[in-house]
Amino acid sequence: MPKLRSIVWILLGGSFVISYFGRLMDLPNWAMKISPFYWFDKVPIHEINAEPVWWLLTIALVLMVIGFVGYRHRDLAQ
């Protein structure tokens, strides 16, 4: 599914823009929550909340397993 590669770059770029320019553009809170970087507090200032970290790690692990399974079942005949 190489055509979906551009969607990944759009999501990555969107997260970057939201993280760095979201407050500057005065985005609403629901738009700021789209970025995974929103869920991590500023570590030296606030105490770390472990729940969002575990959720993000679980989602990342599931996506990695899906990627490995898809990689093993790829069609090289084309």
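**View 1. Phe37, out in the open.** At 52% relative accessibility, Phe37 counts as exposed, because the cut-off for that label is anything over 50%. Keep in mind that what you're looking at is a predicted model. Phe37 sits in the loop between H2 and H3. Leaving aside residues up to four places away in sequence, Phe37 touches Ser15 and Ser19. Another residue to look for here is Ile18: 19 residues separate Phe37 from Ile18 in sequence, while their C-alpha atoms are 8.9 Å apart in space.

View 2. Ser15 belongs to helix H1. Is Ser15 buried or exposed? With 13% relative accessibility, Ser15 counts as buried, since buried means under 20%. Which residues does Ser15 touch, not counting those up to four places away in sequence? They are Ser35, Pro36 and Phe37. So this view pairs a buried serine, Ser15, with an exposed phenylalanine, Phe37, and the two are in contact.

**View 3. Two aromatic pairs.** The structure holds two aromatic pairs. In the pair made by Phe16 and Tyr20, the ring centres are 4.7 Å apart and the planes meet at 50°, so this pair is tilted. Phe16 and Tyr20 are four residues apart in helix H1, so about one helical turn separates them. Phe16 also pairs with Phe21, this time edge-to-face, with 6.4 Å from centre to centre and 85° between the planes. Put together, Phe16, Tyr20 and Phe21 form one aromatic cluster.

View 4. Tyr20, found in helix H1 (residues 5-21), is exposed, with a relative accessible area of 58%. Phe16 is partly exposed at 44%, and Phe21 is partly exposed too, at 38%. Both get the "partly" label because their values lie between the 20% and 50% limits.

**View 5. The nonpolar patch around the cluster.** Which residues make the nonpolar surface patch of about 660 Å²? Phe16, Val17, Tyr20, Phe21, Leu24 and Met25 do. Residues of the aromatic cluster, Phe16, Tyr20 and Phe21, are among the patch members. Phe16 at 44%, Tyr20 at 58% and Phe21 at 38% can join a patch because the entry limit is over 30% relative accessible area.

**View 6. Stepping back to the whole chain.** How many helices and strands does the protein have? Three helices and zero strands, which read along the sequence as α-α-α. Of the 78 residues, 9% count as buried, and Ser15 is one of the buried residues. The protein exposes about 7,500 Å², with carbon and sulfur atoms supplying 71% of that area.

View 7. The protein averages a pLDDT of 80, and 83% of the residues score at least 70. Where is the confidence lowest, and where is it highest? It is lowest in helix H2 (residues 29-32), at a mean of 82, and highest in helix H3 (residues 50-72), at 89. Where pLDDT is low, the predicted coordinates should not be read in detail.

Key: Residues numbered from 1 in each chain as written. Predicted model: local features only at pLDDT ≥ 70, side-chain atom pairs only at ≥ 80, totals over all residues. Heavy atoms only, no water. pLDDT = per-residue confidence, 0-100. Helix = DSSP H or I, 4+ residues; strand = E, 2+ residues; numbered from the N terminus. Patch = residues over 30% accessible without salt bridge, like charges linked within 9 Å, V, L, I, M, F, W, Y side chains within 5 Å. Areas by Shrake-Rupley, 256 points an atom, 1.4 Å probe, with all protein chains shown as cover. Salt bridge = Lys/Arg side-chain N within 4 Å of Asp/Glu carboxyl O. Buried < 20%, exposed > 50% of the residue type's maximum accessible area, 1.4 Å probe, protein only. Contact = heavy atoms within 4.5 Å. Phe/Tyr/Trp six-rings, centres within 6.5 Å; stacked < 30°, edge-to-face > 60°.
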